[in-house]
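Biologist: I would like to learn how to read a few structural features. Could you take them in turn, with the general idea before the case?

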Amino acid sequence: MNKTIRRASVFALLLVLALLVRATWVQFYEGQALADDKDNRRNAIETYSAPLGNIIVAGRSITGSAPTKNSDLKYKRTYTDGPLYAAVTGYASQAYAPTQLEGIYTDLLNGTDSRLKSVMDTITNQRAEPGNVVTTIDPGVQKAAYDALGDKKGGAVAIDPKTGKILAVVSTPSYDPSSLTDANTAGAAWKKLTSDPEKPLVNRALRQPLPPGSTFKLVVAAAALEDGLYSSVDEKTVSPDPYTLPGTTRDLTNENPNAPCTNATIRTALEYSCNNVFAKMAVQLGQDKVKAMAEKFGFNDDRLDVPVRAYTSVYPSDMYPSQTALTGIGQFDVTATPLQMAMVSAAIANGGKLVSPHMVSQITNSGGDVLQDYDDEAGTKEILSSSTAEQLQSAMRTVVEQGTGTNAQVPGATVGGKTGTAQHGENNSQVPYAWFTSYGKSDSSGKEVAVAVVVEQSNAARSEVSGNGLAAPVAKAMMEAALKD
């Protein structure tokens, strides 16, 4: 064979081999990546080629699917009472990535979860019938919170202390997820929602940590009792009023200058929300002990999944004593979500035991067979002694019965709570945040609930902003709904 021809033949063969290698690489190694690419429209066509599975509240589907017109995407997601449940469901959109439960359970709801496949589905490589997500949400509690928040900007969470079931997750202002489901109209809705200064897409119940103000005093009180700094909520503290922050000349005063806060007991200090008592208490304990207690309640946990990943509630480190003092009243760099403060009240109400909060009870296949039961998997941690929990319950009852939280009283129920008004802006220049966290127990049925509410903004005058005035009525409505027979 001619030498030149032989060399050309070898070169051509090498080119063919290179093409085969590349084709094999694309087919077997890059194929899945290409298939999963968010810009691959075939994925959307496949996802919306049939109705999706549903998210269920109290036995009723709050989602659905509807046929589309003039589109290669045959179905679109629909929502019943969309704004009411938006903080629970999130949205499943033909144009945007799904969020909240819709995002976490995408594979289950579109039928691609391997647990849904029958033997025949596996053999034929067909998509299975979609499954359903059964939530723990109580529709009565959810609506009570949503209606009570009304046009106020804020968030609210309710938890069953015994089981960890989340009964309500509400964020206002809300939005209608249905506006984002259709690819033909979602763009305009998205632009409107993302440009809204009120940020309706933010889940304020789970993913908006803010300074918790005086509600954090419950954590400091728990640390003091567990540490033995004080033996009882009725033992007098050593707390000058005003209290000079360590290393400074700044005096920390109380909202009510006439409150009996000098050397007040923990009960009285919670009743009147005495800043001087808890600021000094935090310094006496030291930041490490306060942090350790906060972390028992769930602060600094960056993997708090309910199953939506909640934003981390923070108790800071490496502070000066003056800064530690401010953390004792829920200021400086302390932040918390309503979920976190509901967990504080839930653990206190449950005798010092914190049950893992969760808002999905079960996931099932299309026939209702349970694929996973989250109620059975909920873990329990003992974070306080029963004695400390009982003392804090008692002190919280005093707050509601005769202190700063009287607006949370529920007829026929035993209620304990704590108000909070957190500073906002440089030198407290903006309207404060109003907080309330509480527990309630029906005197007749024994039903229990723990709640937390934050009101970021309302139409109330600055002088009228308080946890008792704005947040406690919302908590009351939620507890009434949860505890009714």
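Modeller: What follows covers a disulfide, a neighbouring residue, salt bridges and a surface patch.

Modeller: This is a predicted model, in which local features need pLDDT of at least 70 and side-chain atom pairs count only at pLDDT 80 or more, while totals for chains, interfaces and linings use all residues. Residues are numbered from 1 along each chain as its sequence is written, and side-chain values use heavy atoms, with hydrogens and water left out.

Biologist: Which residues form a disulfide, and how far apart are their sulfur atoms?

Modeller: In general, a disulfide is a covalent bond between the sulfur atoms of two cysteines. The criterion is a pair of cysteine sulfur atoms within 2.5 Å. The structure holds one disulfide. Cys261 and Cys274 form it, with sulfur atoms 2.1 Å apart.

Biologist: Is the disulfide of Cys261 and Cys274 left-handed or right-handed, and why?

Modeller: The torsion about the S-S bond is about -75 degrees, so the disulfide is left-handed. Cys261 lies in the loop between strand S9 (251-252) and helix H10 (266-272), and Cys274 in the loop between H10 and H11, so the pair ties together parts that are 13 residues apart in sequence. Helices (H or I, at least four residues) and strands (E, at least two) are DSSP runs, numbered from the N terminus.

Biologist: Are Cys261 and Cys274 buried or exposed?

Modeller: Buried means under 20% relative accessible area, exposed over 50%, and partly exposed in between, with a 1.4 Å probe and protein chains only. Cys261 is buried at 0%, and Cys274 is buried at 0%.

Biologist: Where does Asn275 lie, and which residues does Asn275 touch?

Modeller: Contact means heavy atoms within 4.5 Å. Asn275 lies in helix H11 (residues 275-285) and is buried, with a relative accessible area of 14%. Leaving aside residues up to four places away in sequence, its contacts include Ser214, Lys217, Thr253 and Ile329. Thr253 lies in the loop between S9 and H10 and counts as partly exposed at 48% relative accessibility.

Biologist: How many salt bridges does a search of the whole structure find?

Modeller: Side chains of opposite charge can pair when their charged atoms come close. A salt bridge is a side-chain nitrogen of Lys or Arg within 4 Å of a carboxyl oxygen of Asp or Glu. The search finds 13. One of them joins Arg77 and Glu102, the closest N and O atoms being 2.9 Å apart. This pair links distant parts of the chain, with Arg77 in strand S4 (residues 75-79) and Glu102 in helix H4 (residues 100-104), 25 residues apart. Both Arg77 and Glu102 are buried.

Biologist: What separates Asp147 and Lys143 in helix H7?

Modeller: Asp147 and Lys143 are four residues apart in helix H7 (residues 139-149), so about one helical turn separates them. Their salt bridge has its closest N and O atoms 2.6 Å apart. Asp147 is partly exposed at 45%, and Lys143 is partly exposed at 44%.

Biologist: Which residues form a nonpolar patch on the surface?

Modeller: Patches are made of residues with over 30% relative accessible area and no salt bridge; like charges are joined within 9 Å, and nonpolar side chains (Val, Leu, Ile, Met, Phe, Trp, Tyr) within 5 Å. Accessible areas come from the Shrake-Rupley method with a 1.4 Å probe; for residues, only the protein chains shown count as cover. Val10, Leu13, Leu14, Val16, Leu17 and Leu20 form the patch, with about 550 Å² of accessible area together. Val10 lies in helix H1 (residues 3-36) and is partly exposed at 45% relative accessibility.
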